Amino acid sequence: MDIIFGRNKKEQLEPLRARVTGRIPASLQGTLLRNGPGMHAVGETRYNHWFDGLALLHSFTVRDGEVYYRSKYLRSDTYNANIEANRIVVSEFGTMAYPDPCKNIFSKAFSYLSHTIPDFTDNCLINIMKCGEDFYATTETNYIRKINPQTLETLEKVDYRKHVAVNLATSHPHYDDAGNVLNIGTSIVDKGKTKYVIFKIPATVSEGGKKGLSPLKHMEVFCSIASRALLSPSYYHSFGVTESYIVFLEQPFRMDILKMATAYIRGVSWASCLAFHREDKTYIHIIDQRTRKPVLTKFYTDPMVVFHHVNAYEEDGCLLFDVIAYEDSSLYQLFYLANLNKDFEENSRLTSVPALKRFAVPLHVDKNAEAGSNLIKLSSTTARALKEKEDQVYCQPELLYEGLELPRINYAHNGKRYRYVFAAEVQWSPIPAKIIKYDILTKSSLKWGEAHCWPAEPVFVPTPGAEDEDHGIILSAIVSTDPQKLPFLLVLDAKTFTELARASVDVEMHLDLHGLFIPGADWDAGKQAPSREEQDRAAERRVAPRS
């Protein structure tokens, strides 16, 4: 496991031409931009958790059948402070850091007080967000970092709190057809209330004929949901949207704010203040986008932990939403670096298996319906919603598939009826071993896999002008536990799941988390590629044949 999780990865600052085998479709032009942890040790200090590692951006630029790779660490304030000190001095969620152990008692006391309401890290290692014409590296704190998608240069730091009162925010926003961004964050004890704040960032802003103004300065609160507990809000990683509604799960995986406030002085991480309450329920909040208010009926289901929503849509008076659900929070525990050792395979069997589940929620509840009656009459799902007293409805999901994670869809179908899920298959282990295309309609699947290969989240790129939902390309960055096998960009036909090409690079590539594809039409992908002379020199120096 050390080859995947334990080693710090080197940057590839200049574009490196990949060795392409097979044929990349001529229609595929643009850049796959990815984000994930790449450095887990600074000097003699080491992070506790894999999700704490310093953000390493990397990209594959595709132009006219050729591929160029580059990578660069996000130069966040966190990165700069750690590197300058040659030790970890900025806390991450699973690692509490103490900047100066030699401070006197009064300085230490002041540090403890300043951590009561912590100023979280700007180590934005989870995803990439598009906002207007700009791109941002994101994490789950109040900070995002603007980046140059061509050079991977780190630009300005943005604090959501200057625009909306949130201490935390997801790395999985949604985009409407106009490019407006919808996201959700947690506001901790603001004016005596803890709430979940849904906010909107416009795609473009113009004032007095001026264009190109920053959309972030014009973000607005769309609506808010009061936390069921003032001092223990729910942890969440994503949410769902349909054309008319927003789906938010308040799950019993909760943060203890009082414990977080004293974590620094007690010498424990913020992650230790996060606990799964299996005796509690998961509450399903449905917000009407037209009124910006939650629907009045109280929906709930059994305790579970959801990191990724897949999709949601409306059908015949019902709202259907699909998620990857776990029975508990054991997945997070598994990724402590101490568990990513020779016993990893055995440790991983102790985690709950991620399951693709479909929930169905009636948008209009008949008050005269008998208690215990099923309010879902759809023939397309076996999911149930059972009427209870006092306007409560208990939702029982339909199990669609066990053993997949990191789901993606054709985003043109986001919030709409859809058929295909592209994901990493993780049978009996949370580590991806194959890429899967799951057909929700036929309950069938297609898979790609190769020995010693660990695929990243598969990204669907539609073929220009395509009408079929699965007419396009799947891209995935593949790393290998076999030192003789170079990492590569995999190119699959999304319809047949056959390999079209792979682009191998002689670099130390990291296992990433999330990202997006920037079509060539959005910006000049050619600017990222080196000149022909530079390409030839790079080919002579760096390109090695596939093992």
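The largest cavity in this predicted model has a volume of about 810 Å³. A cavity is a set of points, on a 1 Å grid over the protein atoms alone, where a 1.4 Å probe fits but cannot get out. Grid points are joined across faces, edges and corners, and the volume is the space filled by probe spheres set on the points. The lining of the largest cavity is made by 46 residues. Lining residues have an atom within 4 Å of a point. Those closest to the centre are Phe51, Ile126, Tyr235, His237 and Leu513. Strand E12 (168–169), strand E24 (305–315), helix H5 (330–334) and strand E30 (404–408) each give two or more residues to this lining. Helices (H or I, at least four residues) and strands (E, at least two) are DSSP runs, numbered from the N terminus. By residue type, the lining holds 29 nonpolar, 11 polar and 6 charged residues. Here Ala, Val, Leu, Ile, Met, Phe, Trp, Tyr, Cys and Pro count as nonpolar; Asp, Glu, Lys and Arg count as charged; the others, Gly among them, count as polar. A search of the whole structure finds 3 cavities of 30 Å³ or more.

Residues are numbered from 1 along each chain as its sequence is written. Local features need pLDDT of at least 70, side-chain atom pairs count only at pLDDT 80 or more, totals for chains, interfaces and linings use all residues, and side-chain values use heavy atoms, with hydrogens and water left out.

The protein chain has 547 residues, and 57% of them count as buried. Buried means under 20% relative accessible area, exposed over 50%, and partly exposed in between (1.4 Å probe, protein chains only). The secondary structure comprises 7 helices and 39 strands. Contacts (heavy atoms within 4.5 Å) were also counted between residues at least 6 apart in sequence. Of these, 62% join residues at least 24 apart.

Strand E24 also belongs to an open sheet of 4 strands, in the order E24-E25-E26-E29. The pairing is antiparallel. Two strands pair if DSSP finds at least two bridges between them. E24 and strand E29 (398–402) are the edge strands, and each pairs on one side only. The twist averages 20° from one strand to the next. Axes are lines fitted to C-alpha atoms, for helices over the stretch in contact, and angles run from 0 to 180 degrees between N-to-C directions. Strand E26 (residues 355–362) meets E29 over 4 bridges, in the antiparallel sense. Arg358 has Glu398 of E29 as its bridge partner.

A further open sheet has 4 strands in the order E8-E9-E10-E11, again with antiparallel pairing. Strand E8 (127–131) and strand E11 (154–159) each have a single partner strand, so one side of each is left without a neighbour in the sheet. With direction ignored, neighbouring strands of this sheet are turned by 35° against each other on average. E8 and strand E9 (residues 134–138) run antiparallel and are joined by 5 bridges. Ile128 has Ala137 of E9 as its bridge partner. In a regular strand, side chains alternate between the two faces of the sheet.

Strand E39 (residues 514–519) is mostly covered, with 5 of its 6 residues buried. Strand E3 (residues 30–39) runs antiparallel to E39, with 6 bridges between them. Asn35 is paired by a bridge with His514 in E39.

Asp482 lies in the loop between strand E36 (472–480) and strand E37 (488–493). Its relative accessible area is 25%, so Asp482 is partly exposed. Asp482 and Ala451 are 31 residues apart along the chain, and their C-alpha atoms are separated by 8.8 Å.

Notes: On a 1 Å grid over the protein atoms alone, a cavity is a set of points where a 1.4 Å probe fits but cannot get out, and a pocket is an open set with protein on both sides within 12 Å along at least five of seven lines; lining residues have an atom within 4 Å of a point.
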